[in-house]
Amino acid sequence: MRNERSAKAEAGAWVGIIGNLLLAVMKGIVGWYSGSKALLADAFHSASDIAGSLAVLVGIRAARIPPDKDHPYGHGKAESIAAIVVSILLVFVGFEIARSSILAIFSGVHEAPKGYAVLAIIISIIVKEAMFQYKYRLGRKLGSQALIANAWEHRSDVYSSLAALVGVGGALVGEWQHVPWLYYLDPLAGLAVAVLVLRMGYRLVVEAIHNTMDHVLHDEDSKELIDAVLSVNGVIEVDELRAREHGHYVIVDVKLSVNPRISVLEGHRIGKRVKQHLMNQFTHVSDVFIHVNPFDPGFPYKSNHHMLDDDHPTLLQ
């Protein structure tokens with residue numbers, strides 16, 4: 001089940017790599033020959049997404065490596081580290097696009113881009129929105145933080161392409177109406193694209209660092225896990241449950257209470273059943289650590305009845 005999950009996440013990363021490669025080549029060539037700064041900036045944005053998708057791919061493959069002596073909790077955090085790499089790349093590319101656009105503005109713009117640049121931008125918007133929808137839904141289905149982050153990069157590409165469309169379209173209107181100052185809309189659109197890239201990169205790097213620092217699922221997200229533990233025969237109470245995120249997997253620590261009069265072996269068997277039940281029911285649970293406590297209802301409900309030596313009941317349920 002988990003191998004199938006990794007295979008789907010890997011397929012999603014490859015869709016991003018191939019799609020961004022085709023778009024970056026198309027926008028780069030058209031942007032160069034049409035003379036559009038905005039379209040060239042958009043091409044660099046798509047090129048940065050190729051590196052981002054490659055980082056996600058590396059992270060997913062690393063997360064699939066089984067636990068070893070040095071990494072007993074597995075390699076799931078490799079995916080979060082890959083997400084940080086993606087975010088830093090976005091910030092770097094954003095600064096480069098901003099620098100290039102500002103230089104173009106101060107150097108002067110004397111003509112509008114060619115009209116066919118508009119067609120390339122419209123194709124980019126349609127393809128990028130389709131890629132966002134596919135990867136976002138796949139990331140939510142698989143619970144993959146890196147895939148969701150990668151999907152939002154596609155959405156930021158849609159916005160940057162829209163900004164490029166406004167810039168190129170405005171410059172073309174300026175040429176048609178003989179208004180030369182409208183030519184500057186093209187490099188200004190490139191600057192707007194840079195701001196969008198920087199904003200997205202900052203948001204993703206903050207989120208990725210947050211998730212890397214042993215992020216624990218909130219109570220509402222852990223409720224279905226607690227309900228599943230309580231459904232196992234022999235469990236009286238869940239004293240504590242912590243679900244730590246490791247990439248697109250979760251490691252669960254459970255403290256549960258059982259009948260205090262059963263044997264150690266019986267308590268151990270209940271713990272094993274809880275682990276098997278969680279790992280079979282939830283595909284995103286990669287491992288479960290269980291601590292079994294004797295149930296203690298506490299005062300005033302605690303019984304003062306002393307058992308006889310031969311009184312050894314088994315499970316409560």
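## Buried, exposed or in between

A residue counts as buried when its relative accessible area is under 20%, as exposed when that value is over 50%, and as partly exposed in between. Keep that in mind while looking at this predicted model. Tyr-136 has a relative accessible area of 24%, so this residue is partly exposed. Phe-132, on the other hand, comes out at 4%, so Phe-132 is buried.

## A pair of rings

These two residues are worth a look together. The structure holds one aromatic pair. Its rings belong to Phe-132 and Tyr-136: their centres sit 5.5 Å apart and their planes meet at 20°, so the pair is stacked.

Where are Phe-132 and Tyr-136 in the chain? Both are in helix H4 (residues 116–142), four residues apart, which is about one turn of the helix. An α-helix has 3.6 residues a turn, so residues three or four places apart point the same way.

## More about helix H4

H4 has 27 residues, and at 1.5 Å a residue they should span 39 Å. The C-alpha atoms at its ends are 39 Å apart, so the two values agree.

Now for some strands. Strand E2 (residues 249–258) pairs with strand E3 (residues 285–294) in the parallel sense, over nine bridges. Take Val-254 as an example: its bridge partner in E3 is Ile-290.

To get from E2 to E3, the chain passes through helix H8 (residues 264–281), and this β-α-β crossover is right-handed.

Notes:
Residues are numbered from 1 along each chain as its sequence is written. This is a predicted model: local features need pLDDT of at least 70, side-chain atom pairs count only at pLDDT 80 or more; totals for chains, interfaces and linings use all residues. Side-chain values use heavy atoms; hydrogens and water are left out. Two strands pair if DSSP finds at least two bridges between them. Helices (H or I, at least four residues) and strands (E, at least two) are DSSP runs, numbered from the N terminus. A crossover is right-handed if, with the strands pointing away from the viewer, the path from the first strand over the helix to the second runs clockwise. Rings of Phe, Tyr and Trp (its six-membered ring) pair if their centres lie within 6.5 Å; planes under 30 degrees apart count as stacked, over 60 as edge-to-face and the rest as tilted. Buried means under 20% relative accessible area, exposed over 50%, partly exposed in between (1.4 Å probe, protein chains only). The expected span of a helix is 1.5 Å times one less than its number of residues.
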